[in-house]
Each structure stands twice: as structure tokens, then as C-alpha cells.
Amino acid sequence: MRRPRPLDHDPESAALSDTQQPAVSGDSGATFRTLRNLWPYMWPAERPDLRARVLWASFYLVLAKLLTVGVPYFYKWATDALDGDRQGLEWLPLVLAGAITLVVAYNVARVVSVGFNQLRDALFARVGQYAVRRLAYQTFVQMHALSLRFHLERRTGGLSRIIERGTKGIETIVRFTILNSVPTLLEFLLTAIIFGVTYGTYYVLVVALTVVAYSWFTVKASDWRIGIRREMNDSDTEANTKAIDSLLNFETVKYFGNELMEADRFDRSMARYESAATKTWTSLGWLNFGQGVIFALGMGAAMVMSAREVQAGTQTLGDFVFINALLMQLSIPLNFIGFVYREIRQGLTDMEEMFNLLSVRREVQDDADAPPLAVATGAIRFEDVRFSYDEGREILKGISFEVPPGRSVAIVGPSGAGKSTISRLLFRFYDVSAGRITIDGQDIAHVRQDSLRAAIGIVPQDTVLFNDTIAYNIRYGRVDATDAEVRRAAELAQIHHFIESLPEGYDTMVGERGLKLSGGEKQRVAIARTILKAPPILVLDEATSALDTHTEQDIQSALSLVSQERTTLTIAHRLSTIVDADEIIVLRSGQIVERGTHRALLAQGGLYAEMWTMQREASEAEETLRRAREADALGVVERRAPADPLERTRQEL
Ligand code: ATP
């Protein structure tokens, strides 16, 4: 298989393959990588206006902090003034040095500092939100670029949760690193300088020791708690994926009456969450208590030192309250920084998961200089194609065939023979292990995927629709189609009359995954959107579910209309629909065992002839059953049990 190129933004973690589950590590290397990945979004080269915002926000940040450490001075002067002590206030004119004036000034300074802080936050909000949007967008694009294999192995609920938490993580980092940690560090430095200059090194030592011990304890305790938080996250994801999976299978749960079992399964995951979440809270209690003790020791020491100096007359009463006020003020962000550190670590972990997702290597990738596919006639060739989903189990074992331009080839064979795999390979959802597939002579592995997929239309076995209107779903084939074109396509797909008969017509909502429409209706919507797409190559993956004869005829005539003049590959389950194919390929266990026209294959008396006979028997049984039902409805014959051969044949084919 070809090795795709890594993504450019993270060469190291890009070594992960599409199918590997990215591991979340809490080491500092990973943290550094995550921050480095985030940097271009916080300082975006393409948005000078946002860069200017960052600069202005930083300016207000410094201003606010200078003011914050200045505020306790007014408090000190006011106290001294009240105490009748003008020592150190000689430089202030008497009128301004009055206690009341100083108290007012103290409060004004506080308000102005709060104002600057808010200005800083407001300026920064846009930068943070821009990063959130860009990253969420890129992750979404990446989700669609990853291979089918990746999506089959991951759970949608889990993925959406990673994106949700990742974007929240960015907000956390922005809010707490830039708007909190950096200012707190600045405040600590300013406080240390003030203490050093005014009261001497012992005070600086006490403050520094307190802050260091406090930070050390916080970091250690938080690291311990991160493991607990991770367990909480994992169980949260697990409970969420279980709930989504269960709700997606709403009908199946009802069919089997397994509501209680589902609720039980969900509850078991929630029990894990409950215990992890409880541990998270109790550990938080210990952390907060420890922080409180350390700070009280530091503050107590500084206040005792000051109290003794006041008693000795070397400090004023104002100095005593100043020291207390400055430390109390520092305790607010410090108290917060424990929480901030935990949030930052958590945010980093969540973001790491998202960046890991972003750097998962795309299994199927375009060559750097891949040209678009140039479709002339639409001839398809499979040349000795080999393929396995997983090592050790080959699904296609050297398949070669050709669909000449405008012709139709049908692939038939028992269930699990590899028929749908052939269509997945043609769409290049996977790269072949050996051999090649060409369209008009161009190897599909070396043309652009978007051009390849634009050239092929598919009517899939199971049509899943978007939870939107019928018109929206049909227009999905060509988003710029006019209403008239949508209507025309619906007419050709023989579904227009049905749509018109609905009270809301084309504006009818189809429900989640299109569940409000029947299988036959959904398939005709799929045919209509393929008609709108009008591709030169068509893949018809026939519905396995038995449709009633009338619907089947409608669908068949719609399909033959679409496939006229188009190179058509039909994956057939019901042989009656492909008798006119130019060539029928019979596949068994990944190998072509027979090929030819319907007549030739019947004459050959091999697997195809056998399958044909079995299906005839099955349809006869079906016919008998139908007649019996009709008679039953008329009250003539008693209802009989369903004919067994039908079920047997379905399972075998
Ligand atoms: P059916 O008629 O029942 O739709 P099919 O002939 O279309 O069957 P495929 O869907 O091509 O069969 O599957 C061929 C084999 O590959 C099956 O045995 C299936 O279990 C296996 N297979 C299909 N998809 C995957 C996958 N994503 N990973 C691993 N094995 C897979």
C-alpha cells in the first residue's frame, strides 16, 4: 500500500497512522507540542487585526497589574492618616493626604484596575474565539478526510466529544494562561520588588518561600489528580458513546425488547463515571485544604514579623495593614492558580487529543501533484486487484475485469464474496494491496480523489438520508440544481407523485437517517440525486431487502433510465434484475469463478445456474405466499406459515 504524506503542522505525531488510536500522554514534550500547535492560532499571521488586539490586551494587562499592586498603598496611607501618622506622606499636599480622600482614592484605584482587566478580557475574547472556530473547522474537515476504515473503528459519539472538549480546552488555555497565569506572575514579581525595597530581604524570602511551596504543592497534587480526571473523562466518553449508539439503534432495541438491558449497560458506564467523579471532588478538597495551610503559614510569618516591628516602632500601623493587604491580594490569584493549573493541564490534555486527531495521517491521500481524472468514455478496468481489510485475511484475490464505455457489468455472488468491496475500491475508500484499477487508462490511485468521486454516481444498498427535507436530500446530488431540476430528477426516479401526495411535498422532513421514508422511497430519493449528479460512471449497489414487485419495477425502470449510455457496474443480489447485463461476473470468496452473459452462464450449469434456480424457487415461494395472503384477506384460505425456502435462499445469497 502507498504510504501517504504526513500533515505539515506536526511531523512528529503525524507518524501515527489513520487506524491507530492516538494516545494521550501528559509528558512535558506533549504539552510543549500542544502549545506549539496552538501558537499559530493565537498569533495568526493572516489576521493583523487580531495581532493588534493581542498587543493592546497585553498593554492593559500590565497597566491593570501596576494599579493592583498600587492599591494597598492608599490603604496604608489612609490607615496612617487615621492614626495621625504622616510619616512617609510628606510629599502629599495636606488636602490630599486626608484620610477620607485617601479612602476614596483607594476605591477609585480598585475600580480603574478592574476596568483595565475587563478591557483586556474583551480585547482578547475575539482572538480566543477565532482560534476555537479555526481549530473546530479544521478538525471537522479532517474528520471527513480520514478513511472509512478510521470511521468504522472509531465511534462517532466519541469523536464529537473529543472535538467538543478540545475546543473548550482552547478557551481554557486562553482564559487561564494568558488572562490569568501571566498576570499573576507579574503581580508576584511586583509584590516581591515592593517588599524587597520597602521592608527588606526577609519579607521577600517569606513571600518567595510561600509562593514556591504553594506552587510546588499545587503542581504535585494536580498531577496526581489528572489521572483521576482522565478516568472521569474516559468513563464520560464511554457513557456518551453507549447512549448515542443505543439511540441510533432505537428500532433494533425495540424489536428485541432490550430497553432494560440498554439502560443497564448505560448505567454501568455511568457508575464508573460516578465513582471517578466522586474521587475528583474529594481529591479537590484535599488540594484546597493543603493550599490553605501553606498560605496561612506564610502570611502568619510575615504578619508576626511586621507586628513585632510595629511594637518596636520601626514600622507604622499602616505598614502592618499594607503587608496584610498586599498578601491578601496576592492570595486571590494564587488561590485561583491551583484551579488554573488544573484547568490548563486538563485543557492541554483535551487539546492534545484534538491535535492528535488532526495529525492522524490520512490513509488514502492524493499524490502531491495528482492530476484530476479526465473522463473520456468512462471505461473501468480492474487489473489483478488484491485487497484485504485486515492483514491475514484477503478479501479480493486477483480480480480482473473490464466495463467497456457505456456498457453494464453485473457482479453477483454469495454474501461476503467481496462484491461491495469492489465498489468501495472503485471509489477509493481504500487503496488496493496489489494490482490496479483504471478509468480510461488512468490509475485511480494517482488522480485526485475529488475528481474521481465526481465522476462516479452510486445508488447504495442502504440509503441513509440527512435529517432535512426531501428536496434537500435530492439536491445533495448537485447543490446548485434549481427547483425545476430537482423536480425533474424526482420524476425520472419515479418518486415525484409520491412526494406530491405528501402534505408538505418536497419540504417534508425525512427524519433521522431518513427513517420516515420506506426503503423503496429512500432508494428512489438516492436515484433522483444520482440523476441530478449525472455522472459518466454509475455503481448500483442493489437493495438486498425484498421490495414488493410493484416498487421493484418502479425502481428498475428508474435505474435503467439512469444507466442508459453510462458505464454501469451493478452489484446484484437479485439475479432477475441483471439478465440484460452485457457481462455477469460471478464472485466467490474473492475470486471470479464464472463470467459471461446470462444465457451463457445458465448453459454452463455452474454456480450462477444454481443461484438462478434457487432464486426462482424463492420467488415462486414468495408468489405462493402472496397468493395465500390475498386469499386469506378474502377469508377463503387459512393463513399459512411463511415458506421456508425463501428465507433459506435469502441467507445463502
Ligand atoms: P453482501 O452481499 O452480503 O453485501 P458482499 O459480497 O458485498 O456481501 P463485502 O461487503 O464486499 O461482501 O465483504 C466481503 C468480506 O469482507 C466480508 O467477509 C466482510 O466480513 C469483510 N469486510 C467488509 N468490510 C470490512 C471491514 N471494514 N473490515 C474488515 N472486514 C470487512
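Contact, in these legends, means heavy atoms within 4.5 Å, and axes are lines fitted to C-alpha atoms, for helices over the stretch in contact, with angles that run from 0 to 180 degrees between N-to-C directions. Because this is a predicted model, local features need pLDDT of at least 70 and side-chain atom pairs count only at pLDDT 80 or more, while totals for chains, interfaces and linings use all residues. Residues are numbered from 1 along each chain as its sequence is written, and side-chain values use heavy atoms, with hydrogens and water left out.

View 1. Helix α10 (residues 419-426) lies across β3, β6, β7 (537-541), β8 (567-571) and β9, and runs at about 145 degrees to β8. Helices (H or I, at least four residues) and strands (E, at least two) are DSSP runs, numbered from the N terminus. The open sheet has 6 strands in the order β6-β7-β8-β3-β9-β10, with mixed pairing, where two strands pair if DSSP finds at least two bridges between them. Since β6 (456-459) and β10 stand at the edges with a single partner strand each, one side of each is left without a neighbour in the sheet. On average, neighbouring strands of this sheet are turned by 20 degrees against each other, direction ignored. Helix α15 (residues 519-533) lies across β6 and β7, running at about 170 degrees to β6.

**View 2. Strand β9 and its pairing with β3 and β10.** Strand β3 (residues 408-412) pairs with β9 in the parallel sense over 4 bridges, and valine 409 stands opposite glutamate 583 of β9. Strand β9 (residues 583-588) is joined to strand β10 (residues 591-596) by 5 bridges, and these two run antiparallel. Arginine 588 has glutamine 591 in β10 as its bridge partner. The hairpin formed by β9 and β10 has 2 residues between the strands, and serine 589 in the turn has a positive phi of about 45 degrees.

View 3. An open sheet of 4 strands has the order β2-β1-β4-β5, with antiparallel pairing. Because β2 (396-403) and β5 (442-443) stand at the edges, each with a single partner strand, one side of each is left without a neighbour in the sheet. Strand β4 (residues 434-439) is joined to β5 by 2 bridges, in antiparallel fashion, and isoleucine 439 stands opposite glutamine 442 in β5. Helix α10 lies across β1 (380-387), β2 and β4 and runs at about 115 degrees to β1.

**View 4. The shell around the ligand.** The ligand is surrounded by 17 residues, the closest being Arg393, Ser415, Lys419, Ser420 and Thr421, where a residue is near if one of its heavy atoms lies within 4 Å. Helix α10 gives the most to this shell, with 4 residues. By class the shell has 6 nonpolar, 7 polar and 4 charged residues. Oxygen atoms of the ligand lie 2.6 Å from an N or O atom in the side chain of arginine 393, 2.6 Å from a polar side-chain atom of serine 415 and 2.4 Å from an N or O atom in the side chain of threonine 421. Taken alone the ligand exposes 630 Å², of which the protein buries 73%, with accessible areas from the Shrake-Rupley method with a 1.4 Å probe.

Technical notes. Polar contact = N/O pair within 3.5 Å; in protein donor to acceptor, adjacent residues only side chain to side chain. Nonpolar A, V, L, I, M, F, W, Y, C, P; charged D, E, K, R; others polar.
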